[in-house]
Amino acid sequence: MSGSRHVHIHVTGIVQGVGMRPFVYREATAHGIFGSVLNAGDGVHIDAEAAPDDIDAFVRDLAAHAPAAARIEHIEVRDADPDTDASPGFRIIASDGTGRRTTLVSPDIATCDDCLRELFDPADRRFHYPFINCTNCGPRFTIIKSLPYDRPATSMSDFPMCPACAHEYADPGDRRFHAQPDACFACGPHITWREHDTEGILHGRDLRLSDAIIERCCELIAAGGIVAIKGLGGFHLCCNAADEQAVTELRRRKRRGNKPLAIMVATLEEARGLCEIDDAEAQILTGAVRPIVLLRRRASCPPDALAPSVAHGLPELGVMLPYTPLQHLLLAAAAHMGIRSLVMTSGNISAEPIETDDETAWERLGDIADALLGNDRAILSRYDDSVVRVWRGRILPVRRARGFAPNPLPLPDKDALSVLACGSEQKATLAITRAADGNVQCFVSQHIGDVENASTLSAWHDARHRFERLFDLSPQALACDAHPTYLTSQWARGERERTKAPLIEVQHHHAHIASVIAEAACTGAHDAAEPVIGVAFDGTGAGDDGAVWGGEFLVATLTGYTRAAHISYWRLPGAAASIRDARRCALGLLTATGMLAHPGAAPLLARLSERERSVTDTMIARAINSPLTSSAGRLLDACAALLCICDTATYDGEPAIMLEAAAHAAAACGDVPVRLALRRPDDAAAPLVLDPTPLVERLLDGIARKETAGALARLVHESLAQAICDTVHEISRATGIRTAALSGGVFMNRLVLERTAQLLERAGMAVLVPHTVPMNDGCIAYGQAAVASARLAAPRVRAV
């Protein structure tokens, strides 16, 4: 081509599984570009030849008009020698699987509007096909085996395309042009059905059989049954959310306790009938990710719309809209039977990973589910649903999984070894870092669960191996929690001995604050070199002094911290048993504050048998299995027990959660918040101590005067927020630091978070909270990776 320019274009980011090559093809054709495009392990490569102005316009439009699910991070353009043998036109050529695998893969994408219209169009050949998808939607990360992302490298390799699908796949003008999971009844996956007391497995090989399975599934649910249903990243356990008997039975069989259950409704309008939903929440509910969104219950919600035991009176409901074709079909069929909402909870035995394989699920969930709705497409990566909350118009992740992971997060350090961060024990994730385009990417895994047993540790290793293999990651250093007994930390210490790789042990609460600093530094909200006053309030974390920390004020940077203040210590009789029995927390707190003889303590003491009281008193007095704690989470648990709101935790944090629910139900507190005592120890270098004695005394006075539990619960929240503000102000006065970073599971509490942020902002403090990782322990791996990368890049002393 006379007067033309020939260039090679390398596009990196999330550019596979999002329709990038068809998009490039259409743009190239529109701009008169000759050449080709291919997928490779390090991104998308384009050879382009055209007039210089057309090349420039083509490159601009690649960035400006990329597919919605794509995330272009970098476009490199370099001149190339003219290809004298090039033929006119533009083509997609076979993928190149050689070279380093550094590209990113799209998470799974909810069914798009175009596919949804076809799904319910009787004239369409994919009418009611439970696996309909196109270039703009469908499974991605959960079906991929290796990069580059092509059908043979996915679990769709078992399903050769029929002529009709192959024609669409090859047609540049078709929406399914190079859609790797493209399929139909004739050639693709099919749903399956097995039911107790029936022989064999039914296969939905055609429209009639598939519809019959869906109808039978909804009949069983309408009759009060429980069904295990295979989704994108694992199984759900499903029942009618309005059927109290069915929900109670699901809890009993799964040993679920009182932990709230997520529900799925068909439309945004159905969700609005149950909950208050603002514009930001509506956008997240209906977007491409479709997470579970924690929404405020509508006061006018009909009492028979949901079974009481779905959420046991909590002020929020976890609600999601359907994100797979099968879910749309199920909800449509259920609506014909009068069912408006379905419980959709993780398909696992309590405390174990979500099930992904049909045979294993039938074996392990058979005592819970009456039937199993599976399919013959393999899930290659285990993914729970993500859970989010909206605060001040922005997402606050609660559980980061499907739809968000494995999108990498940035880290502020530019030059560091690749780090494997092992995360925490509860709400565990892991993270692996790598350098890319002059920056550091941090791949934070999906939520794995509580790594307290062999099966969950195995799931943790599965996720680690998958990330290392898929993204060609070879960690050169390790980071772990400093806790001596966490299974992942024990593994990291053993791996250090085996490989001699550097190991950075990160104190739990420093990791919490580091996660906030790292995110804020990468978004420009904070300079990573500047210290913050970190408030890390949670349930449990190993402290440097052997105590159980959890009410911490740290002056911190990424490389180190100083403990500036903490809630005063008291003993947890029975250690972990106190987490399950809030009465033990309360007894330890009363003992430490000298309030056992107060008349307001009588209701608590009356709920302890003489033997329980005697044994517990002895454990506290002799420090037998009764570690010291500064935990804000346990303080809230103790308050819940004192107020007779919740004695026993059937799930993590239940007493504190019920305390918040009681506070929400109460009118706004008219009392002035109790000012907790802030004491400076005799050792001027020691941290300040925040003494809750005044709050405990005020609660006991209120109990003795028969004040309502809700009003006192509200007072607890107001007082805790005020105490945080007072302590931060004192540390700020001493250090000159004007930025506070909040993290830890206690800040999952809406009242504590909102009131704390308000008070700090009124005092002129900048307030940082995370929006890409949870405030609970789901952030720990990211925080560990940030600390390790910073220390490896520029080793400095630990204290700041």
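I call a residue buried when its relative accessible area is under 20%, exposed when over 50%, and partly exposed in between, using a 1.4 Å probe on protein chains only. I am working with a predicted model, where local features need pLDDT of at least 70, side-chain atom pairs count only at pLDDT 80 or more, and totals for chains, interfaces and linings use all residues. Residues are numbered from 1 along each chain as its sequence is written, and side-chain values use heavy atoms, with hydrogens and water left out.

**Entry 1: Pro322.** I looked up where Pro322 sits, and found it in the loop between β14 (316-320) and α9 (325-336). For element names I follow DSSP runs numbered from the N terminus: helices are H or I with at least four residues, strands are E with at least two. Is Pro322 buried or exposed? Pro322 counts as buried because its relative accessibility is 1%. Taking contact as heavy atoms within 4.5 Å, and not counting residues up to four places away in sequence, I list Met264, Val265, Ala266, Arg290, Gln327, His328 and Leu331 as touching Pro322. I also checked Pro322 against Ala565: they are 243 residues apart in sequence and 46 Å apart in space, C-alpha to C-alpha.

**Entry 2: the cores.** For a nonpolar core I take buried Ala, Val, Leu, Ile, Met, Phe, Trp, Tyr and Cys residues joined through side-chain atoms within 4.5 Å. The largest one has 103 residues, and Phe58 is among those with the most contacts inside it, along with Ile9, Val24, Ile46, Ile229, Leu373 and Phe471. I then found a second, separate core of 71 residues, which includes Val555, Ile567, Leu676 and Val746.

Which residues does Phe58 contact, leaving aside neighbours within four places in sequence? I get Ile9, Val24, Glu27, Ala28, His31, Ile33, Ile46 and Ala48.

**Entry 3: helix α2.** Phe58 is one of the buried residues of α2, with Ile55, Ala57, Val59, Asp61 and Leu62. The buried residues of this helix pack against β1, α1, β3 (43-50) and β4 (71-79). Helix α2 (residues 52-64) has 13 residues and reaches 18 Å from first C-alpha to last, close to the 18 Å expected at 1.5 Å a residue; the expected span is 1.5 Å times one less than the number of residues.

**Entry 4: cavities.** My grid is 1 Å over the protein atoms alone: a cavity is a set of points where a 1.4 Å probe fits but cannot get out, a pocket is an open set with protein on both sides within 12 Å along at least five of seven lines, and lining residues have an atom within 4 Å of a point. The whole structure gives five cavities of 30 Å³ or more. About 150 Å³ lies in the largest cavity. Its lining has 18 residues, with Pro130, Leu232, Thr324, Pro325 and Arg377 the closest to the centre. The second largest cavity has about 100 Å³, and Gly17, Val18, Gly19, Tyr149 and His178 lie nearest its centre, out of 17 lining residues. Two or more lining residues come from each of β1 (5-16) and α1 (20-30), and α1 gives the largest share, three residues.

**Entry 5: a pocket.** The second largest pocket has a volume of about 890 Å³. I count 36 lining residues there, of which Ala288, Val289, Gly403, Phe404 and Asn407 lie nearest the centre.

Key
Points joined across faces, edges and corners; volume = space filled by probe spheres on them.
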